[in-house]
Amino acid sequence: MDFEHTYYDALGRALRGEKQGEKGRHLDCLLHPEEHPPVIRLRDCGCGEGEEACAAACLFQAIVKDELGKLTVDPELCNGCGACIEACKSGNLTAGRDVLPTLYALKKAKGPAYALIAPAFHGQFSPDVTPGKLRTAFQRLGFDGMVEVALFADILTLKEALEFDRNVNNEGDFQLTSCCCPVWIGMIRKQYPELMQHVPGAVSPMIAAGRAVKHLHPDALTVFIGPCIAKKAEAREPDVAGAVDYVLTFQEMQDIFRAADIRPEEIEESERDHSSRAGRIYAHTGGVSEAVCATVAQLRPERPVQVKAVQADGVPACRDLIQSIRNGEQTANFFEGMGCKGGCVGGPKVLVDPQLGRENVERYGQMAAYRTPLENPYVPELLRRLGFSSVDDFLEHSDIFVRRF
């Protein structure tokens, strides 16, 4: 069987509790995704003169030739951006899948299991799938609960606003946001390391959610669901590994719902509402900038230097933005980069058109009871439960939300 047939056959067997079929490379990739790069090669390349188009498209030089001269994906270098998949015209590359180990881990979980849903989720599975219905759908699969990662985007917004207030006070000072896109931060780390001094060491909302859940429930199973292949690579990075056990894309999650005959749009609500507008709009370009700008203005309205933000989305635009910073051509003081056009709503594994995804996220943001993390009572409550006694304590000792780049 080819990879897709192997995948769907294995998914059905896992849900039915049956033994898996004949072993082979494709099934090994599905059963042990942690041993393979986020992008996997299905067969030897046969693109002829264009056989290295994938290598040319790779931002991280992860497409290399092995000892036999065949193209392969280096698991140590692959960031999971997916550019090579799009560039490969013969369909020899595909995104890895974490479905099988996730389902097996759910069955064997000794502690609570939590689905960590990305801010881009609203409207992805169906216009009729509310957050409450989605929470119930996860519970039917065996999860104990669903956590909206937007709440942790609220917390990271507060951290970035506090960092801005501390570090950006004069003309020429600036901050590069680090708390959202792994492609953006990976590009800076690997290609423009001299700019890392302007990146506050914040984890992404995904990692923040996973770390917080495991701090409160050390034996918990954490599964992130979002539109991004690169999150699979991020979850494995040595300094943050262990916070999130598995990463599924929206498409993988939809495959599970369909195979398990779960229709989220038809089931009952299990509603809870914890995030502010600031956290919810992280999913589209400009969302992080708006969130930090509003929070800084609310935090220090008398501040002489307020946030002046510029955004870029898509790898070429991000490169251009960074180059303009290096050339001294920018007058802004806060820079937001998103590896996908339109932001997370334009990710490689979204289920709806990016423009519709943006509209859905905006609508969900407008529905929020709170505008910023400073207004959201769940933020100080969660920080208190995590052991922080004050905002100053959070800024100075927030190891749970910090990366050591």
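This is a predicted model: local features need pLDDT of at least 70, side-chain atom pairs count only at pLDDT 80 or more; totals for chains, interfaces and linings use all residues.
Residues are numbered from 1 along each chain as its sequence is written. Local features need pLDDT of at least 70 and side-chain atom pairs count only at pLDDT 80 or more, while totals for chains, interfaces and linings use all residues.

Helices (H or I, at least four residues) and strands (E, at least two) are DSSP runs, numbered from the N terminus.

Two strands pair if DSSP finds at least two bridges between them.

| Strand pair | Bridges | Opposite residues |
|---|---|---|
| β7 (residues 175-176) and β11 | 2 bridges | Leu176 and Phe335 |
| β10 (residues 309-313) and β11 | 5 bridges | Ala312 and Gly337 |

**The four-stranded sheet**

An open sheet is formed by 4 strands in the order β6-β5-β8-β9, with parallel pairing. At its edges stand β6 (145-148) and β9 (246-249); each has a single partner strand, so one side of each is left without a neighbour in the sheet.

**The largest pocket**

On a 1 Å grid over the protein atoms alone, a pocket is an open set of points where a 1.4 Å probe fits, with protein on both sides within 12 Å along at least five of seven lines; lining residues have an atom within 4 Å of a point. The largest pocket has a volume of about 680 Å³, a volume being the space filled by probe spheres set on the points. Its lining comprises 39 residues, and Cys81, Gly339, Cys340, Gly347 and Pro348 lie nearest the centre. Helix α4 gives the most to this lining, with 3 residues.

**An exposed loop residue**

Glu22 lies in the loop between α1 (3-16) and α2 (25-31). This residue counts as exposed because its relative accessibility is 77%. Glu22 and Leu100 are 78 residues apart in sequence, and their C-alpha atoms are 15 Å apart in space.

Terms used
Side-chain values use heavy atoms; hydrogens and water are left out. Buried means under 20% relative accessible area, exposed over 50%, partly exposed in between (1.4 Å probe, protein chains only).
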